[in-house]
Amino acid sequence: MAWDPLDDLTPGQHAALRTYAAELARVNRRLNLVSPATVKDLEERHFVHSLALARGAFPRDATVVDFGAGGGLPAVPLAIRFPGTHFVALDAVTKKTEAVRLFARRLGLSNLDVWNGRAEQWPGEAHYAVSRATAPLLDLWGWFDRVRTPLDEVPEGCWIPGLLALKGGDLQGERAALNTAFPGLIVETHDLGAMLERPYFEGKALVHVQA
């Protein structure tokens, strides 16, 4: 049976996503945060894709860092979906982090912080890392491994702490490089095409990496 992550949102969360869509489309005209060709279909191309990460929950009070947050994807939709979880949107491009700060203010997302700089220099700690088409798995895990901290308890229905990356294409090379550099990791790949049953997601995956 198909799962639609938008069905899990409250009316208030749907309203917040609509506001975000309007703000993202407006700002994108001058900053090009996402491909202009995808703006007319933000819901499927960007929001449903980002919220596929909500297949498992993120615990209250956990910290989730988004490496390469770009225009706030997936950090903003996830912060809307999980208001009790602390998210950090990280990007090295100043104009992008300034845009995400604007979105967070407009949406009143007190659980979303923004940090401008390189991932390997972020001074924080996190229980989870998320990413959407940012870097190879090896780089993502290396950034996360440096800052990861244990979670005392993982509530039922929540992801096991680790890296959750939205990827596309053939991942065999990326997985091999990751396993060579970090042997013993658990790497699970979830087929988004099968999960969401939407043609756009054929060939796309959600990769969950655990220590």
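**View 1. Arginine 198 counts as buried, at 18% relative accessibility (buried means under 20% relative accessible area, exposed over 50% and partly exposed in between, with a 1.4 Å probe and protein chains only).** The model shown is predicted: local features need pLDDT of at least 70 and side-chain atom pairs count only at pLDDT 80 or more, whereas totals for chains, interfaces and linings use all residues. Residues are numbered from 1 along each chain as its sequence is written, and side-chain values use heavy atoms, with hydrogens and water left out. The side chain of arginine 198 meets that of aspartate 4 in a salt bridge of 3.1 Å, N to O (a side-chain nitrogen of Lys or Arg within 4 Å of a carboxyl oxygen of Asp or Glu). This pair joins distant parts of the chain, 194 residues apart, with aspartate 4 in the segment before α1 (11-31) and arginine 198 in the loop between α7 (192-196) and β7; helices (H or I, at least four residues) and strands (E, at least two) are DSSP runs, numbered from the N terminus. Aspartate 4 counts as partly exposed, at 21% relative accessibility.

**View 2. Glutamate 44 also meets arginine 198 in a salt bridge, at 3.4 Å, N to O.** This pair likewise links distant parts of the chain, for glutamate 44 lies in helix α2 (residues 42-51), 154 residues from arginine 198. Glutamate 44 counts as buried, at 17% relative accessibility.

**View 3. Aspartate 145 and arginine 148 meet through their side chains in a salt bridge of 2.7 Å, N to O.** Aspartate 145 is partly exposed, with a relative accessible area of 29%, and arginine 148 counts as partly exposed at 39% relative accessibility. A search of the whole structure finds seven salt bridges.

**View 4. Helix α5 (residues 137-147) and helix α6 (residues 172-181) cross at roughly 40 degrees, and their axes come within 8 Å.** Axes are lines fitted to C-alpha atoms, for helices over the stretch in contact, and angles run from 0 to 180 degrees between N-to-C directions. The two helices are therefore oblique to each other (under 35 degrees counts as roughly parallel, over 145 as roughly antiparallel, 65 to 115 as roughly perpendicular and the rest as oblique). From α5, the contact (heavy atoms within 4.5 Å) is made by Leu137, Leu138 and Trp141, and from α6 by Glu174, Arg175, Ala177, Leu178 and Ala181.

**View 5. Seven strands form an open sheet of mixed pairing, in the order β3-β2-β1-β4-β5-β7-β6.** Two strands pair if DSSP finds at least two bridges between them. At the edges stand β3 (112-116) and β6 (186-191), each with a single partner strand, so one side of each has no neighbour in the sheet. Direction ignored, neighbouring strands of this sheet are turned by 20 degrees against each other on average. Strand β1 (residues 63-67) pairs with strand β2 (residues 86-91) in the parallel sense over five bridges, and aspartate 66 stands opposite alanine 89 in β2.

**View 6. Helices α5 and α6 each lie across strands of the structure.** Helix α5 lies across β1, β4 (128-132), β5 (163-168) and β7 (204-210), and runs at about 160 degrees to β5. Helix α6 lies across β5, β6 and β7, and runs at about 165 degrees to β6.
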